[in-house]
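Biologist: I would like to go through this model and hear the grounds for each label you use. Please set the values against the cut-offs.

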Amino acid sequence: MRDGNGWTSAGLLSRRGFLGTAAAGALVTAGGLWLPRAAHAQEAKKGGTLRLGMEGGTSTDSFNPMTLSDEVPISLCYAVMNGLIEFDGAGQPQPELIESWEVAPGATVWTFNIRQGVTFSNGKTLDAQDVIYSINLHRGETVSQLKGNLEPITDIRKITDHQIEITLAQGNADFVALLGDYHLLVVPDGHTDWANPIGTGAYVVESFEPGVRAVFKNRGDYWKPGRGNFDTVEIRYIADAVARTSALQSGQIDGANRLDPRTVDFLMQAPNLHIVRGEGTGLRYVFCARVSDDPYTNKNAVLALKYGIDRQKIIDNVLNGYATIGNDHTVAPSNPFFNADLPQRAYDPDKAAFHLKEAGLTGSEFRLTVSEGAWVTSPDCAQIFQQSLEPAGIKLELNKVPADGYWSNVWRVDPFCAVIWGARMTADESLTVSYSTASPMNDSNWKNETFDKLLAEARVELDQAKRKEMYATCQQLVSDEAGHIVFAINDTLDGYATTVMGVDKHPRFGMCDLRVAEKAWFA
């Protein structure tokens with residue numbers, strides 16, 4: 001609920017309330033509580049071993065928060081570490097290790113209060129220097145995929161042992177939400193031993209074999225009430241959807257992510273299972289063309305592919321209807337700044353053929369690399385893509401490669417490949433991380449000065465109608481010019497034994513925003 005001043009019932013300031021107050025030149029305070037009391041209405045129970053079978057990891061996974069790229073390593077890190085901000089079930093930022101915050105008029109200077117009384121698994125007490133160090137892992141000379149998002153930070157300074165001040169080059173009304181990015185996990189000052197991670201999370205690593213399994217033991221006396229309930233958590237890498245489903249049905253595991261949409265209807269009838277579906281809240285399925293590489297440097301070549309994909313046929317035949325059609329950008333349809341007026345790009349072989357001719361590529365063959373390591377049905381989606389291009393006279397060679405090592409060996413290496421993009425909670429973060437010139441995760445290598453300038457202006461625009469227009473234009477530019485063929489946003493489909501409690505859909509990721517080990521418990 002929100003009152004007339006823009007404050008939420010949890011004591012947090014809504015974006016509208018923030019912008020209005022900031023415009024009036026006042027100081028704004030947010031935070032205070034870790035989570036609304038309603039989140040703890042159902043009492044959690046302690047004990048047991050949670051066994052998860054998951055797709056979305058490889059033998060190169062680690063606990064390095066700078067390199068997180070898929071659901072298994074993110075889940076591993078969330079078992080051991082905490083973030084600065086957590087998103088609730090409505091996608092709103094809530095305090096985590098940052099307990100509260102204040103923002104000065106103009107939204108360039110932010111003061112953050114660090115939660116007190118929290119200890120790392122090595123016994124060290126959390127303080128401001130740990131938070132500064134953890135943020136700075138993603139700034140300057142770094143391999144972090146979040147570097148571009150944090151470039152607006154000009155200074156971070158320690159005020160007290162539990163308070164820091166962050167200054168931005170330009171105001172950003174969404175800055176708190178940016179601090180909820182899954183890369184921004186907190187470790188002790190100076191920590192670099194990612195084989196032996198240290199965090200403030202509910203668990204410690206007992207054993208880890210990348211690509212096979214990880215086992216965690218409960219630390220005891222977790223600082224979050226009602227969280228960290230299992231004695232032991234085991235995460236098994238089960239990339240094969242059939243094997244994962246079979247393990248869930250037979251009780252070998254208690255939970256599984258990314259259920260196959262082609263068989264989930266059957267699983268919904270099983271009396272021993274509970275299926276959690278998040279409609280249109282899942283991964284963006286993308287065929288990514290790197291526009292810095294020929295022939296994709298030619299805008300018409302990419303448009304030919306965008307018009308030549310039969311999105312609805314893929315959704316109907318491969319995804320069994322468990323997806324929302326995509327329109328070649330990553331902003332979620334549920335986002336308040338989503339451009340609903342942008343015409344949905346429809347399957348049109350004639351337009352595809354026209355753009356291919358305009359590119360001077362009639363008779364040419366494209367090569368698309370796919371793998372179950374991208375997502376399990378990507379080879380099947382690509383086959384329909386290949387077939388749908390034929391009426392346009394476009395030839396597509398499919399190069400299927402092994403799943404293991406896909407994100408290291410193929411993503412950002414092959415000029416045309418299958419990729420997935422997770423949800424971001426704000427339009428600014430979604431557009432910045434996917435498409436801004438400065439972002440290391442801009443995998444289509446699209447660069448547009450007009451886009452970058454408009455995105456920066458939208459961050460400080462106080463008129464919400466104008467801000468929406470700016471983001472709408474950004475989405476139009478991306479859809480028309482960037483190399484992402486975003487043809488579908490899948491539904492998150494997680495399965496659990498009926499004994500697993502405390503699980504629900506989340507607008508960012510499945511498996512309780514990949515925090516199921518922390519949030520759930522056994523009946």
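Modeller: A427, D428, L431 and Y435 in α13 meet Y471, C474, Q475 and V478 in α15. By class, this contact of α13 with α15 has six nonpolar, one polar and one charged residues. The model is a predicted one.

Biologist: Why is α13 called roughly parallel to α15?

Modeller: The axes of α13 (residues 427-435) and α15 (residues 464-481) cross at roughly 30° and come within 11 Å. Angles under 35 degrees count as roughly parallel, so α13 is roughly parallel to α15. The crossing in which α13 passes α15 is left-handed.

Biologist: Why are α8 and α10 called roughly antiparallel?

Modeller: α8 and α10 (residues 349-358) pack at an angle of about 165°, and their axes are 8 Å apart. An angle over 145 degrees counts as roughly antiparallel, and the pair is therefore given that label. The crossing of α8 and α10 is left-handed.

Biologist: Which residues of α8 meet α10?

Modeller: On the α8 side they are N300, L303, A304 and Y307. Their partners in α10 include P349, H355 and L356. The contact of α8 with α10 has six nonpolar, two polar and two charged residues by class.

Biologist: Where is P295 found, and what kind of peptide bond joins D294 and P295?

Modeller: P295 is in the loop between β14 (284-289) and α8 (299-307). The bond joining D294 and P295 is cis, with omega about 5°.

Biologist: What is the phi of A107?

Modeller: The phi of A107 is positive, about 60°, although A107 is not a glycine. A107 lies in the loop between β5 (98-103) and β6 (109-114).

Biologist: How do you know that the radius of gyration of the protein chain agrees with a compact globule?

Modeller: For 523 residues a compact globule would have a radius of gyration near 24 Å, and the protein chain has 23 Å, so the two agree. The C-alpha atoms fill a box of roughly 65 × 60 × 45 Å along the principal axes. The secondary structure comes to 17 helices and 22 strands.

Biologist: Where does pLDDT stay under 50?

Modeller: Over residues 1-40, for which the model has 84 contacts beyond four places in sequence. Where pLDDT is low, the predicted coordinates should not be read in detail. For the protein chain, the mean pLDDT is 91, and 92% of residues reach 70 or more.

Terms used. Residues numbered from 1 in each chain as written. Predicted model: local features only at pLDDT ≥ 70, side-chain atom pairs only at ≥ 80, totals over all residues. Heavy atoms only, no water. pLDDT = per-residue confidence, 0-100. Contact = heavy atoms within 4.5 Å. Axes fitted to C-alpha atoms, helices over the stretch in contact; angles between N-to-C directions. Helix = DSSP H or I, 4+ residues; strand = E, 2+ residues; numbered from the N terminus. Parallel < 35°, antiparallel > 145°, perpendicular 65-115°, else oblique. Left-handed = near helix turned anticlockwise from the far one by under 90°. Nonpolar A, V, L, I, M, F, W, Y, C, P; charged D, E, K, R; others polar. Rg over C-alpha atoms; globule rule 2.2 N^0.38 Å.
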